[in-house]
Amino acid sequence: MSRPTRRQVLHVSAAALAGTALAAPVALAGTASARPTAGHGHSEGHQAPAGHEMPEPFDEMYQGRHIEGWPADEGAPEHGHHAGHGSRAHSRSAQAGPHEGMDFVVRIDNDDLHVMRNADGTWISLVNHYETFTTPQALARAAVRELQGAELVPVVTV
């Protein structure tokens, strides 16, 4: 029996790679629909892209840091204890510009944490870019743990 030539091995490898690449979206489509939706809020009237529901707003202290989040289309949440935060508190309503194009606003100690929603409904941030979370609140908590007390550096786009 003759040995396969390099060209034959390359053709077989290329065909296998192409078959895998074509089959991957079909396989992933089944897993995305079977993924549990626990952790997603059920806020009426807030429909996110791709049919995923918008998570509930949150505002809490976590490991000594103030974390909060709200749907970007709502503007800033109305919490009485924000009134004493100086210039940031009264300028929050004027911050619609930086949040344009964002689904959800997340802040750690009054600094914006840039978050993004994936097509499957999970969330990632610039702090935890390679780890997905079911809710922005879980994402904010993980960012606090990752920061280990460090300040959140704002994203500057020009």
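A: We begin with strand pairing: two strands count as paired if DSSP finds at least two bridges between them. Keep in mind that this is a predicted model. One such case has aspartate 59 opposite glutamate 68 in strand 2.

Q: How many bridges join strand 1 to strand 2, and do the strands run parallel or antiparallel?
A: There are 5 bridges, and strand 1 and strand 2 run antiparallel. The two strands form a hairpin with 2 residues between them.

Q: Which residue is the bridge partner of glutamate 68 in strand 3?
A: The partner is arginine 107. Strand 2 and strand 3 are joined by 5 bridges and run antiparallel. Glutamate 68 therefore has aspartate 59 opposite it and arginine 107 as its partner in strand 3, within a strand that is largely enclosed by the rest of the structure because 7 of its 7 residues are buried.

Q: How do I read the side chains along strand 2, and are they buried or exposed?
A: In a regular strand the side chains alternate between the two faces of the sheet. In strand 2, Arg65, Ile67, Gly69 and Pro71 point one way, while His66, Glu68 and Trp70 point the other way. Residues on both sides are buried.

Q: Where is asparagine 110 placed?
A: Asparagine 110 is in the loop between strand 3 and strand 4 (111-113). It too is not a glycine, and its phi is positive, about 70°. Its relative accessibility is 11%, so it counts as buried; the cut-off for that is under 20%.

Q: What should I look for in the nonpolar core, and which members touch the most others?
A: Look for buried nonpolar residues joined through side-chain atoms within 4.5 Å. The largest such core has 18 residues, of which Ile67, Val106, Ile108 and Leu113 touch the most other members. Strand 1 (58-62), strand 3 (104-108) and helix 3 (136-147) each supply at least two of its residues. Helix 3 gives the largest share, 6 residues.

Q: What does valine 106 touch?
A: Leaving aside residues up to four places away in sequence, its contacts include Phe58, Leu113, Val115, Pro136 and Ala140.

Q: How many salt bridges does a search of the whole structure find?
A: The search finds 3. For each, look at the distance between a side-chain nitrogen and a carboxyl oxygen, with a cut-off of 4 Å. Glutamate 60 forms one with arginine 141, the closest N and O atoms being 2.8 Å apart. Glutamate 60 lies in strand 1 and arginine 141 in helix 3, so this pair ties together parts that are 81 residues apart in sequence.

Q: Which side chain meets aspartate 109 in a salt bridge?
A: Arginine 65 does, at 2.5 Å from N to O. Aspartate 109 is in the loop between strand 3 and strand 4 and arginine 65 in strand 2, so the pair links parts 44 residues apart in sequence. Aspartate 109 is partly exposed, at 27%, whereas arginine 65 is buried, at 8% relative accessibility.

Q: Where does arginine 107 come in again?
A: Its side chain meets that of aspartate 112 in a salt bridge (3.0 Å, N to O). Arginine 107 counts as buried at 3% relative accessibility, and aspartate 112 as partly exposed at 30%.

Terms used
Residues are numbered from 1 along each chain as its sequence is written. This is a predicted model: local features need pLDDT of at least 70, side-chain atom pairs count only at pLDDT 80 or more; totals for chains, interfaces and linings use all residues. Side-chain values use heavy atoms; hydrogens and water are left out. Buried means under 20% relative accessible area, exposed over 50%, partly exposed in between (1.4 Å probe, protein chains only). Helices (H or I, at least four residues) and strands (E, at least two) are DSSP runs, numbered from the N terminus. Contact means heavy atoms within 4.5 Å.
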